[in-house]
Amino acid sequence: MDDRAPRSPFPTRILAVALALSCAAGRVAAKDATPFAARGGLELASAAAQSWSGDAVLVYVENDEGLNNDAAGTSPRWSYLFYSASQDRARVWSVRGGRIVVAENLDMRFDAPPIAAGWLDSGAAIAAAERSAGDEIRKLRGAHLETMLLMRGAFSEGDPDATTWTLVYRAPGAPALFVVVSAADGKVQRTWRG
Amino acid sequence: MRPSSLLSALLALAVSARPAPAATTERAPAPAAATVTTVTVERERPVREKLPTLQFLRANRDFIRARFDRLREEPHTTRAGAADLDPRFLEYRRLLAQITTAKDSVTVASDARERQGVFTSVQDLAGIERELDQMERLLDAQRARLAELQADFAGRQRTELDVVVTGNTLAGRVDSVRVTLEDGTSFTSALTETQRGSLIHGGALEVFRGLAEPREQVVEVSLMGEGWSATGRGFVTLEPARDRLTFLKVDLSQASPALGIASLKASTWLLEPGAGTSAEADQDRP
């Protein structure tokens with residue numbers, strides 16, 4: 001009597017390898033989410049914020065992963081921080097690949113003023129910075145744009161009510177260069193090293 | 001009795017013979033077969049990768065806080081910006097104005113007709129026809145306005161989650177069902193005898209309905225009651241679709257304390273746009 005297990009006509013090993021490959025491909029695809037400009041994830045984050053609290057207002061935007069070197073202001077992941085006065089709490093939603101991948105309450109007090117509507121997108125902010133502060137950026141050898149953050153009040157000297165983009169350029173062995181761009185009209189308000 | 005009447009009577013009897021769900025038990029819209037997704041009820045809460053967020057803000061929190069504190073010390077910085085006016089509110093005013101105008105036109109026509117009393121010539125009849133046409137146009141315009149308002153209000157679905165429980169357990173007795181959302185908020189529904197009877201006969205019990213964030217999240221479902229207290233806690237991962245109503249159905253019909261929480265069957269589906277509240281439940285799909 002043949003006690004071997006009956007051989008399946010279906011190539012199970014090939015199937016297993018194919019499955020493993022497809023899973024790995026899925027993971028790679030998830031890692032390589034398409035970069036998008038800051039406004040790209042705003043609607044989704046706003047929908048989540050409205051579910052959380054009816055009075056939630058956008059107070060801060062920052063790229064969570066590296067910015068693409070394409071001057072279009074795109075990143076695979078952006079965070080949107082909302083503040084609710086009724087809850088006296090801030091909550092962040094991080095968007096990647098068209099989905100919210102992180103949602104958490106901010107573990108610090110951050111009752112920032114709301115970002116003014118109609119803000120320039122990240123690509124326009126970079127273009128404005130390049131136009132007005134391009135020479136200064138190029139002086140910083142090997143500089144790359146590491147961080148972009150959008151908020152109201154904190155970085156604007158002249159008009160503390162203004163919503164501004166702050167671009168942080170870093171270069172090896174040199175202090176970072178900060179460029180503050182008005183999110184309303186794209187004017188560079190100030191630059192400094194620090 | 002005529003055959004058609006007999007048929008009607010038989011149909012009425014057949015309908016009345018079906019066990020009716022209890023008044024306290026909610027009805028969930030019937031899912032289309034193609035859109036129902038089976039989800040797993042897990043014993044342990046799934047662990048997710050933790051991604052860092054707001055790294056610059058966290059690294060410079062003291063500096064940014066200090067800047068905000070300084071702003072608040074200056075009176076001119078505390079003025080409040082005017083919020084944008086929702087254009088729909090202006091539109092509502094326009095619609096109301098149109099309604100008032102139309103109402104005035106109808107009233108004027110009606111008054112004139114009353115004054116005239118009788119019609120003595122073909123010319124009067126032609127006048128009446130014109131007035132009727134005008135009223136028809138006004139009615140059409142009113143219908144269009146109502147459709148606009150309906151689309152504006154009824155069509156604005158936000159991201160919502162509706163958790164329903166169906167079926168009766170094979171063993172043990174469920175006294176209450178608790179749903180805990182990711183933020184720790186819990187909703188408990190105690191089952192009355194009527195509700196339990198309704199579940200046996202195909203009814204559904206709504207445990208939670210409310211706004212949800214449009215993202216992947218873990219919902220904890222706990223059964224409490226005889227035999228369940230030790231084993232009756234499970235976790236379901238789901239992702240409510242943005243601006244849609246997502247249903248999560250937890251089916252207890254194959255559940256038993258001996259088999260554990262994994263014996264619960266769970267599935268999700270979306271409320272299709274346009275289905276509204278007219279979708280009726282049936283015995284197979286509560």
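Predicted model: local features only at pLDDT ≥ 70, side-chain atom pairs only at ≥ 80, totals over all residues.
**Cores.** The largest nonpolar core holds 57 residues. Inside that core, the residues with the most contacts are A:Val59, A:Tyr80, A:Ala125, A:Leu150, A:Leu167 and A:Val181. I then checked which element gives the most to this core, and found helix α2 of chain A, residues 42–52, with six residues.

Setting aside neighbours within four places in sequence, I listed its contacts as A:Gly41, A:Leu42, A:Ala45, A:Leu58, A:Val61, A:Val92, A:Trp93 and A:Val95. I also noted a second, separate core, with 31 residues. Among its members are B:Val174, B:Phe208, B:Val236 and B:Val250.

**Chain B by itself.** Next I turned to the make-up of chain B. I found six helices and ten strands there. The chain has 286 residues, and 22% of them count as buried. I looked up contact separation too: taking the contacts in chain B with a separation of 6 or more, 77% are between residues 24 or more positions apart.

**Where B meets A.** My last stop was the boundary between the chains. I found 23 residues of chain B in contact with 28 residues of chain A. On the chain B side, α2 (55–59) and α3 (61–73) each supply at least two of the residues that touch chain A. The largest share comes from α3(B), with five residues. I sorted this side of chain B by class as well, and it has eleven nonpolar, eight charged and four polar residues.

Terms used:
Residues numbered from 1 in each chain as written. Chains lettered and ligands numbered in written order. Core = buried A, V, L, I, M, F, W, Y, C linked by C-beta atoms within 7 Å. Buried ≥ 20, exposed ≤ 12 C-beta atoms within 10 Å, placed from the backbone. Helix = DSSP H or I, 4+ residues; strand = E, 2+ residues; numbered from the N terminus. Contact = placed C-beta atoms within 7 Å. Nonpolar A, V, L, I, M, F, W, Y, C, P; charged D, E, K, R; others polar.
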